[in-house]
Amino acid sequence: MYRNEELIKTWKKKMKQTSRLPVCNIGMFDSSSDFWIDSIEGLLKKYPLLEFAHINTFYMILVLEKANGEITIDNEKLCIDNSQVIIIKPNCINKIFINTEAKGKIICFNEDFFSLRYNNNVLHQFPYLNEEFWISIRLSTVYLKKIELIVSSMLDEHASKKKAFKKVLRSYLNVLLVSFDRLYVPVKTENLYNPVKDKIQRFQKLIESNFKTHKLPSDYAEMLNISTNYLNKICKNSIGQTSGSLIQRQIILEAQRLLKYTNSSVNEIALELGFDHPSYFITSFKKTTNQTPEQYRKSIFEE
């Protein structure tokens, strides 16, 4: 209890010292993971900082069997009651309060965890993940049992750490997201054309097709017939990332795929990704992942 109180005091102190909200990654749960799952029982006692306003860099799924409380997401408050699924998307401000007797599971994952196996467009093709910040799906008794079966299998697999357990978890996660898609009933709204959203989607598609040969935001701004500053602005406002970081993310994601699923050498991968020299690739990869390509490849084989 003393440790939790000290963490809360530290958190409050940091918030007073800066005008920027704390940004949390999955490292707050597990420093070596890009996927994490646990029971929500005693969640706030283990991680009291979740009660304070913060920004997640990851997707958070709360599968609630029985719970009461409230989640604040940006300026909206969502009441928690009975059986439901709540999905909080990355880069939104949130704070969580759940009663200590709550039952259910919490699942957290980075987009890259899913995209490493599935094309990164697939995640955004789930309609409910195109909502602005959060999604709430009510669960009937029948569907709750089906969802609990999937989630319990995920929890067991994550705890086992058996050979290729992350591959299995990605498959379970895909099944879970498809299950939510079948349950999701969108709020009916007018399908109005959004020029900013359209430009961002076009930008992301252009990155996927051209990232090996075009690595500068200015290249894509020219393709979209807009200024580099404007491209960066709409990316930061809508996605919470700079245009440059989106390009870099695609490059590193492809590098991870090649390191994991091919026998190509680091030099060959650097050449395939359009780097003039392997050292530039290694520096870029390590800056983003905190591992050299060889270290990353070794860690994959140890999973």
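Mentor: Two strands pair if DSSP finds at least two bridges between them. Strands are DSSP runs of E, at least two residues long, and helices are runs of H or I, at least four; both are numbered from the N terminus. Here is a case: strand β3 (residues 54-56) and strand β8 (residues 93-98) run antiparallel, joined by two bridges. His54 stands opposite Asn94 in β8.

Trainee: What kind of model is this, and how are residues numbered?

Mentor: This is a predicted model: local features need pLDDT of at least 70, side-chain atom pairs count only at pLDDT 80 or more, and totals for chains, interfaces and linings use all residues. Residues are numbered from 1 along each chain as its sequence is written, and side-chain values use heavy atoms, with hydrogens and water left out.

Trainee: How many helices and strands does the chain have?

Mentor: There are 13 helices and 10 strands.

Trainee: What is the strand order in the open sheet with mixed pairing?

Mentor: Read across the five strands: β1-β3-β8-β5-β6. At the edges stand β1 (23-24) and β6 (76-81), each with a single partner strand, so one side of each has no neighbour in the sheet.

Trainee: And what is the order in the open sheet with antiparallel pairing?

Mentor: That sheet also has five strands, in the order β2-β9-β4-β7-β10. Its edges are β2 and β10; each has a single partner strand, so one side of each is left without a neighbour. From one strand to the next, the twist averages 10 degrees.

Trainee: How many bridges join β4 to β9, and how many join β4 to β7?

Mentor: β4 and β9 pair over seven bridges, in the antiparallel sense. Val63 has Lys105 in β9 as its bridge partner. On to β7: five bridges join it to β4, again antiparallel. There, Leu62 is partnered by Ile86. β7 then pairs with β10 over five antiparallel bridges, where Ile88 has Trp134 as its partner.

Trainee: Which strands do α5 and α6 lie across?

Mentor: For angles, axes are lines fitted to C-alpha atoms, for helices over the stretch in contact; angles run from 0 to 180 degrees between N-to-C directions. Contact means heavy atoms within 4.5 Å. α5 lies across β2, β4 and β9, at about 115 degrees to β2. α6 lies across β2, β4, β7, β9 and β10, at about 65 degrees to β4.

Trainee: How many residues of β4 are buried?

Mentor: Buried means under 20% relative accessible area; exposed is over 50%, and partly exposed lies in between (1.4 Å probe, protein chains only). Six of the eight residues in β4 are buried. Across the chain of 303 residues, buried ones make up 44%.

Trainee: How many residues does the largest nonpolar core have?

Mentor: In soluble globular proteins, nonpolar side chains tend to be buried together. A nonpolar core is a set of buried Ala, Val, Leu, Ile, Met, Phe, Trp, Tyr and Cys residues joined through side-chain atoms within 4.5 Å. The largest one here has 31 residues; Ile61, Phe109, Tyr128, Met154, Leu176, Leu177 and Phe180 have the most contacts inside it. Elements giving two or more residues include β4 (59-66), α5 (141-160) and α6 (165-183). α6 gives the largest share, seven residues. Take Leu177: beyond neighbours within four places in sequence, it is in contact with Ile61, Phe114, Leu123, Phe126 and Tyr128. A second, separate core has 30 residues, Phe211, Ile252, Leu259 and Ile269 among them.

Trainee: Is Leu183 buried or exposed?

Mentor: Leu183 is found in helix α6. It is buried, at 17% relative accessible area. Not counting residues up to four places away in sequence, Leu183 touches Ile137, Leu139 and Tyr143. Its C-alpha atom is 10.0 Å from that of Tyr128, 55 residues apart along the chain.

Trainee: At what angle do α7 and α9 pack?

Mentor: Two packed helices are described by the angle between their axes and the distance between the axes. Helix α7 (residues 195-210) and helix α9 (residues 228-238) pack at about 105 degrees, with axes 10 Å apart. Angles under 35 degrees count as roughly parallel, over 145 as roughly antiparallel, 65 to 115 as roughly perpendicular and the rest as oblique. α7 and α9 are therefore roughly perpendicular.

Trainee: Which residues of α7 and α9 meet?

Mentor: From α7 come Val196, Lys199, Ile200 and Phe203; they meet Tyr230, Leu231, Ile234, Cys235 and Ser238 in α9.
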